[in-house]
Amino acid sequence: MPTPGTSALVVTLPSAAVLLETAAAVDPGLVRPGLPPHVTALYPFLPAERLTERTDADVAQLAASFPATDVQLTDLVLAPGFVAAAAPALQPLADAVCDHWPDVPPYGGRFGAHPPAHLTIALGGTDDQRAEVAERARAALPLTARADTLHLVVLTEQGWQLRLSAPLGTPAR
């Protein structure tokens, strides 16, 4: 579980909420609270105390170098304790974020330097619960979601808080 002071770079996909709703219908505990449906570009990112105006500028500049895009969610990814929708359209952005901060391994290095971009639908639960989530999620696919902003969020005692929203394809001012 993340601890307060943890930050992350995410691309929210609000129109994919139906996928998280399928998991919550099976068991609300399968959906992580506090963030809308999203694809993680880098988690954990820098600790909150290391975030600076320079970091914000770097995030904004990187986001500006990638166009807003429609993300086609068509395929499920199933692994022990995990149901997700693959988001290959966001792989170049996620890879660029990871390459820009090579000293910050995504997911602590558990999945390599460039883990596959995905939208997590369910975490945890039993095999039967995940199978039911997968069946319900498949029925909601294919789905198209618009990715237009890279967000820097920080976990506080009150939950995830937005620090910066950096539009994709828009030069920073």
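Analyst: Buried means under 20% relative accessible area. Keep in mind that this is a predicted model.

User: Which of Phe45 and Trp101 are buried?

Analyst: Phe45 and Trp101 are both buried.

User: How are the rings of Phe45 and Trp101 arranged?

Analyst: The pair counts as edge-to-face because the planes are at 85°, where over 60 degrees is the cut-off. The ring centres of Phe45 and Trp101 are 4.9 Å apart.

User: Where in the chain do they sit?

Analyst: In distant parts, 56 residues apart. Phe45 is in the loop between strand 2 (38–42) and helix 2 (53–64), and Trp101 is in the loop between helix 3 (91–100) and strand 6 (118–123).

User: How many aromatic pairs does the count come to?

Analyst: Three aromatic pairs. Another one is Tyr107 with Phe111, also edge-to-face, at 5.6 Å centre to centre and 75° between the planes. Tyr107 and Phe111 form one aromatic cluster together with Tyr43.

User: Is Tyr107 buried or exposed?

Analyst: Tyr107 has 17% relative accessibility, so it counts as buried.

User: Switching topic: how many cavities of 30 Å³ or more does a search of the whole structure find?

Analyst: One. The largest cavity holds about 50 Å³ of space.

User: Which residues line the largest cavity?

Analyst: Tyr107 again, along with Thr40, Ala41, Ala94, Pro115, Pro116, Ala117 and His118.

User: What does that lining divide into?

Analyst: Six of the lining residues are nonpolar and two are polar, with no charged ones.

How values were computed:
Residues numbered from 1 in each chain as written. Predicted model: local features only at pLDDT ≥ 70, side-chain atom pairs only at ≥ 80, totals over all residues. Heavy atoms only, no water. Phe/Tyr/Trp six-rings, centres within 6.5 Å; stacked < 30°, edge-to-face > 60°. Helix = DSSP H or I, 4+ residues; strand = E, 2+ residues; numbered from the N terminus. Buried < 20%, exposed > 50% of the residue type's maximum accessible area, 1.4 Å probe, protein only. 1 Å grid on protein atoms, 1.4 Å probe; cavity = no way out; pocket = protein on both sides within 12 Å on 5 of 7 lines; lining within 4 Å. Points joined across faces, edges and corners; volume = space filled by probe spheres on them. Nonpolar A, V, L, I, M, F, W, Y, C, P; charged D, E, K, R; others polar.
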